[in-house]
Amino acid sequence: MDNSVIVSDIGKCFGHGNHKVRALDGVSLQVKRGELFGLIGPDGAGKTTLFRIVASLMLPDCGHAEVEGFDTVAQYREIRKIIGYMPGRFSLYQDLSVEENLKFFATLFGSDIKKSYPGIQPIYRYLEPFKKRKAGKLSGGMKQKLALCCALIHDPKVLLLDEPTTGVDPVSRKEFWEMLGLLQDKGITVIASTPYMNEAMRCHRVCLLQNGKVVGCDSPENIRRAFPFKVLSVKSAEMFRLLEELRRYPGCHACYPFGAYHHFYCKQGSVQADTLQQFLENQGYTDIKIKESEPTIEDCFMDLMSQGGKDGN
Ligand SMILES: Nc1ncnc2c1ncn2[C@@H]1O[C@H](COP(=O)(O)OP(=O)(O)OP(=O)(O)O)[C@@H](O)[C@H]1O
Ligand SMILES: [Mg+2]
């Protein structure tokens, strides 16, 4: 068995009648053992709902999910022994110290810090100097590390991390992902959701979720390679007017603002940079700069999401 987590055609609705929300709509995916798997999606896409179902904390309306061969409904007791779950909002006890939080979570699983130490050491060493400090007094990055240690304390086979780095400073985010890399060496399967595209790039595979549906799932490299449009990065004075202008230009598939440039996706072979430059000059634009760019993972997701939106209508 190569797959650690299997999700088959899961559906989940909340509410009733006119207020019904379809949080998950036929979601299927497989995560291989030892894989670092990213779950990407805008607010309300269904990421947290999917984590809860895989963690056996919520029942799906239909479909089924298994973790390491255990069914999340019928065998939830087994599941809880082998998963570590770090929910989006802190699960830590703010009034307990670092050490006390770890002890508490270890006790829950019938373990103790000493026994668990080898498993958490690569991460705990960052926290050890602050072990007497209350969790509530730690920085955001340190809290995340402590939450990760607590999720690892019972030596789980599968880690479920719901937006583990949201609201954390960039240096701590980078450190956190490096730590996840260390866990890979131990063969732990990790599923992490993130709104940050540079984090998506660190995953072996990523799944893009939108309105409760999977709109793409592959390695970041394959997703980029499959992008069907030439990308032109375009800037000038009057960026807002430029965006509207580019969107009207013949041969434009779509155009989105990306930092200092707009990314212009050209329908196959139809737009040349110098022709576009000439056109923009004729329209009175100044300080024009146009360069061809490699598609980023964000370009791919923007496009996949616009297609997903069309299917949904
Ligand atoms: N307990 C609940 N009761 C009612 N609606 C819910 C409940 N939980 C989630 N939803 C709705 O289901 C949809 C999916 O929510 P979910 O929290 O899974 O998305 P998410 O991708 O985690 O979003 P976010 O990025 O905001 O965390 C949303 O429309 C949400 O409002
Ligand atoms: Mg969520």
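**Note on the strand and helix packing of the predicted model**

1. Helix α6 (residues 170-185) lies across β3, β7 and β8 (189-193), and runs at about 155° to β8. Helices (H or I, at least four residues) and strands (E, at least two) are here DSSP runs, numbered from the N terminus; two residues are in contact if their C-beta atoms, placed from the backbone, lie within 7 Å. Axes are lines fitted to C-alpha atoms, for helices over the stretch in contact, with angles running from 0 to 180 degrees between N-to-C directions.

2. This is a predicted model, in which local features need pLDDT of at least 70 and side-chain atom pairs count only at pLDDT 80 or more, while totals for chains, interfaces and linings use all residues. Residues are numbered from 1 along each chain as its sequence is written, with chains lettered from A and ligands numbered from 1 in the order in which they are written.

3. The open sheet has 6 strands in the order β6-β7-β8-β3-β9-β10, with mixed pairing (two strands pair if DSSP finds at least two bridges between them). Because β6 (83-86) and β10 (213-218) stand at the edges with a single partner strand each, one side of each is left without a neighbour in the sheet. Neighbouring strands of this sheet are turned by 15° against each other on average, direction ignored.

4. Within that order, β3 (residues 36-40) and β9 (residues 205-210) pair in the parallel sense over 4 bridges, and Phe 37 stands opposite Arg 205 in β9. Helix α5 lies across β6 and β7 (158-161), running at about 155° to β6.

5. The axes of α3 (residues 98-108) and α5 (residues 140-152) come within 9 Å and cross at roughly 25°, which makes α3 roughly parallel to α5 (angles under 35 degrees count as roughly parallel, over 145 as roughly antiparallel, 65 to 115 as roughly perpendicular and the rest as oblique). On the α3 side, Val 98, Asn 101, Leu 102 and Phe 105 meet Leu 146, Cys 149 and Cys 150 of α5.

6. Strand β1 (residues 3-14) pairs with β2 (residues 21-32) in the antiparallel sense over 9 bridges, with Lys 12 opposite Leu 24 in β2. The hairpin of these strands has 6 residues between them, and there Gly 15 takes a positive phi near 80°. β1 is also joined to β4 (residues 62-67), antiparallel, by 5 bridges, and the bridge partner of Val 5 in β4 is Val 67.
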